[in-house]
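Open the model in your viewer and keep the selection panel at hand. The stops below go from whole domains to one helix and then to the ligand.

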Amino acid sequence: MSGALVRRAAADLLFLTLEKRRTLDQAMAESPPFGDLDGPDRAFARAIASAALRELGRIDRALAPLLSRPLQAASPAIRALLRVGAVQLWRMDVPEHAAVSETVEAAKAWQDARSGGAFLNAVLRRAAAERPDLDALPVTAIWPDWLAAAFEDSVGADGAAALAAAQLAEPGIFLTAKTNAAAVAEVISGELLASGSIRAPGGPVEALAEYGSGDWWVQDPAAALAANLLMASASGDPAKSDMIMDKSGMDAGKSAEITAIDLCAAPGGKTLQLCAAGLNVIAVDRSKPRLKRLEENLARTGLSAEIITADAETWRPETPADLLLLDAPCSALGTLRRHPEGAWIKREGDIARFPDVQYRLLKAATEMVRPGGTILYCVCTPLRSEGADVVDRAVAEGLVTRLPVSPEEAPGFASCITGSGDVLTLPGESAEHDAFFMSRLSPEALK
Ligand SMILES: C[S@@+](CC[C@H](N)C(=O)[O-])C[C@H]1O[C@@H](n2cnc3c(N)ncnc32)[C@H](O)[C@@H]1O
């Protein structure tokens with residue numbers, strides 16, 4: 001029976017994400033059938049749901065010819081079980097008998113699916129016999145059509161295909177070291193990358209040596225680049241060049257003379273970087289629960305920052321800062337490889353509201369930085385509307401000018417520098433990271 005309960009739990013995770021618009025993490029926390037599992041059963045249910053979400057659009061397209069009516073016409077419970085069955089057969093090397101019979105059995109344990117058992121059985125048997133070649137479908141068919149079109153419009157067909165290919169691969173775990181990245185890489189048997197991030201060996205993060213020591217935190221290499229580019233501008237500023245130190249030889253006393261505002265800071269991955277470099281950091285966010293996580297992260301790493309709960313559109317510092325990092329709220333479509341359900345939870349209309357919010361926050365940021373200071377605007381999405389278009393608008397309005405990023409400042413990411421000197425971290429053949437847009441700016445208005 002446990003095999004059927006695993007499929008029932010996996011289908012519930014799909015039901016909660018795709019029908020109730022929960023993230024997979026929320027679904028795992030909320031789902032009673034999933035909550036009843038433990039050990040390998042739990043891991044297997046999660047693996048089935050993750051595999052289905054990663055490639056959902058292609059699975060649905062391959063299911064369509066096996067059905068006499070559109071997949072959307074099936075009940076939500078049967079739809080979830082069809083996807084659970086198909087992904088086991090087509091992507092997970094689960095023996096045919098187990099994939100079909102345990103999934104059909106799961107329908108019996110689910111009131112909403114009970115009447116569809118015979119239909120489910122018939123379709124999954126055909127799915128097992130016909131085994132469509134998912135790889136023959138376009139890679140961008142993993143997403144809803146509107147999203148594939150939006151990516152292609154922003155980053156071209158090749159860029160969209162690269163994003164899709166990155167989503168199909170199991171994402172690695174990357175760390176940022178508090179001080180000595182080489183030492184951390186050695187302790188955890190990881191790989192020190194040119195960017196300074198560390199690729200952790202496979203397996204759960206909890207299994208890494210010295211987990212919880214506070215010497216490192218989990219952070220994508222592209223996310224880490226944003227704070228590094230901001231700090232690189234201070235080290236290149238003659239007035240500040242002796243104040244910001246390489247982390248390994250940091251002079252905290254001098255670095256603390258530089259004030260950095262981390263706007264939209266929580267849960268604080270970038271705050272930790274700025275603090276670890278010895279800056280005097282003010283972390284601002286409007287979400288109390290997220291700031292609580294930031295506080296916990298600071299405590300775990302033994303770092304400190306001034307924490308302010310406020311709306312960044314109206315809050316202003318007492319004294320303008322030297323540096324400001326604006327990690328603006330965004331569609332987060334650059335992190336789909338870690339959260340593939342986002343492609344189905346987010347709606348086109350939800351995403352359309354971000355550029356105005358981002359512009360208002362960037363405008364507010366220009367009023368928080370001293371003349372000659374630096375702003376780093378970043379978003380974890382490759383959509384041009386949330387990235388270069390927002391910055392272009394602020395440039396056109398005379399609010400900011402670009403401080404282009406040079407290849408030497410972006411080790412490991414030199415190929416991601418755009419013609420305007422911004423950075424767009426599309427995944428490459430040899431590089432694995434999230435898709436961020438970042439632009440380094442000088443506030444014009446206060447000059
Ligand atoms: C992309 S997340 C920030 C991630 C964070 N910088 C990090 O590296 O861990 C965006 C944050 O913006 C915050 N936020 C959104 N609108 C805001 C506003 N008007 N004022 C302050 N914070 C805001 C959200 O609460 C969220 O924590």
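Start by colouring domain 1 (2-134), domain 2 (174-207) and domain 3 (221-443); such bounds come from an automatic or database domain assignment. This is a predicted model, in which local features need pLDDT of at least 70 and side-chain atom pairs count only at pLDDT 80 or more, while totals for chains, interfaces and linings use all residues. Residues are numbered from 1 along each chain as its sequence is written.

Next, show domain 1 and domain 3 together: their centres, taken over C-alpha atoms, are 39 Å apart. Eight residues from domain 1 and five residues from domain 3 make the contact (C-beta atoms, placed from the backbone, within 7 Å). On the domain 1 side, helix 1 (2-19) and helix 4 (39-54) each supply at least two residues. Helices are DSSP runs of H or I with at least four residues, numbered from the N terminus.

Now select helix 9, residues 145-168. Where is its kink centred? Look at Val155, where the kink is about 120° (the angle between axes fitted to the seven residues ending there and the seven starting there). Buried residues of helix 9 include Leu147, Phe151 and Leu163; buried means that 20 or more other C-beta atoms, placed from the backbone, lie within 10 Å of the residue's own. The buried residues of helix 9 pack against helix 4 and helix 15 (342-345).

Finally, select the ligand. It is surrounded by 16 residues, and Cys264, Arg286, Ser287, Ala312 and Asp327 are the closest (near means a C-beta atom, placed from the backbone, within 6 Å).

Conventions: Contact = placed C-beta atoms within 7 Å. Expected span 1.5 Å × (residues − 1). Buried ≥ 20, exposed ≤ 12 C-beta atoms within 10 Å, placed from the backbone.
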